[in-house]
Amino acid sequence: MAVVAFVSAKGSPGVTTASLACTLSWHRRLVLAECDPAGGSVLAGYLAGGLSGPRGIGELAVGELRDGNLETAFWSQLVDLDAPKRERLLLPGIVDSAQAGSVAPLWQRFADFFNELERGNPAYDVLVDCGRLQVASPPWPILRAAAVVLVTTNARLSDISSIRSTIRAIERDFAEHRVLPGSLRLLLVGNGHSPGEVSKALGLPVIAHLPHDPRTAEVLSHGGTVRAKRPLMNAAGALEVPVRTLLDRRRARLSWPAPVQEVPNAV
């Protein structure tokens, strides 16, 4: 499935919760890469700080700038979210703003590397938490390289208003860099207007709606036991189907050779 990017606007939360829920519920081998320039939150939140020593994209960036060893260092920076299977891996984000300066020059390098992972042995797809675009040095190269970009927003009027400018900014950037159209979709989270109303207001198709499920959101944000049958996890798992369908359409359009498909295992 290659690279799927999640992004939101200022004041529109839900990216980390949505991307983590998908990572824990989809059937394929996945790496969740926290590429939010404002910092990652899964280590301190869902994993409750339960790791010793620095780990993640900040350390990876420092090593790449110094030694150019991304291919070999990458795997040592990952956290197994379903140990010891190594099927759901986390690349933690930066932990302080000082690391942002090291990561920003490498967004294109990371984008290229993430796209290569689906051709590895074993192959991994990458879900990327890009955070909010209203920050210094947003990860534009990753958004341009992604096969699918999910613009994540609540369905309330205030959020719809703020996300409109984010969508237009992405569309302008993609047009300027000649990114093939069709990768952008809306991902709604929580309560508010219907998908049809939001799609009409923003001029962008809604791929799915993740329901209001505060109990599961609390676990994903602050740690605990994830219940696979909770509404949020069910909806996140179901999102894999339309995302894969959209990707297949884009592959056909680009005449990409599709990677060997694996038979999904039961979660």
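In what kind of interaction do the side chains of aspartate 125 and arginine 28 meet?

Reply: The model is predicted, so local features need pLDDT of at least 70 and side-chain atom pairs count only at pLDDT 80 or more, whereas totals for chains, interfaces and linings use all residues. Residues are numbered from 1 along each chain as its sequence is written, and side-chain values use heavy atoms, with hydrogens and water left out.

Aspartate 125 and arginine 28 form a salt bridge, at 2.5 Å from N to O; the term denotes a side-chain nitrogen of Lys or Arg within 4 Å of a carboxyl oxygen of Asp or Glu. Aspartate 125 lies in strand β5 (residues 125-132) and arginine 28 in the loop between α1 (15-25) and β2 (30-34), so that this pair, 97 residues apart, links distant parts of the chain. Helices (H or I, at least four residues) and strands (E, at least two) are DSSP runs, numbered from the N terminus. Aspartate 125 is buried at a relative accessible area of 4%, and arginine 28 is buried at 15%. Buried means under 20% relative accessible area, exposed over 50% and partly exposed in between, with a 1.4 Å probe and protein chains only. In general, side chains of opposite charge can pair when their charged atoms come close.

The whole structure holds 12 salt bridges. Arginine 119 takes part in one with glutamate 116 (3.2 Å, N to O) and in another with glutamate 118 (3.6 Å, N to O). Glutamate 116 is partly exposed at 45%, arginine 119 is exposed at 53%, and glutamate 118 is buried at 7%. A network of salt bridges with shared partners joins Glu64, Glu71 and Arg109.

Glu64 and Arg109 also belong to a helix contact: Ile57, Leu60, Ala61 and Glu64 in α2 meet Trp107, Arg109 and Phe110 in α5, contact meaning heavy atoms within 4.5 Å. The residues of this contact comprise five nonpolar, no polar and two charged. Ala, Val, Leu, Ile, Met, Phe, Trp, Tyr, Cys and Pro count as nonpolar, Asp, Glu, Lys and Arg as charged, and the others, Gly among them, as polar. The axes of α2 (residues 57-67) and α5 (residues 107-116) come within 11 Å and cross at roughly 105 degrees. The axes are lines fitted to C-alpha atoms, for helices over the stretch in contact, and angles run from 0 to 180 degrees between N-to-C directions. The helices α2 and α5 are therefore roughly perpendicular, a term for 65 to 115 degrees; under 35 counts as roughly parallel, over 145 as roughly antiparallel and the rest as oblique.

The strand of aspartate 125, β5, sits between β2 and β1 in an open sheet of eight strands with mixed pairing, in the order β3-β4-β2-β5-β1-β6-β7-β8. Two strands pair if DSSP finds at least two bridges between them. The edge strands, β3 (79-80) and β8 (206-210), each pair on one side only. Strands β6 (residues 148-155) and β7 (residues 184-192) pair in the parallel sense over seven bridges. Helix α8 (residues 195-202) packs on the sheet, touching β6, β7 and β8, with its direction at about 130 degrees to that of β7.
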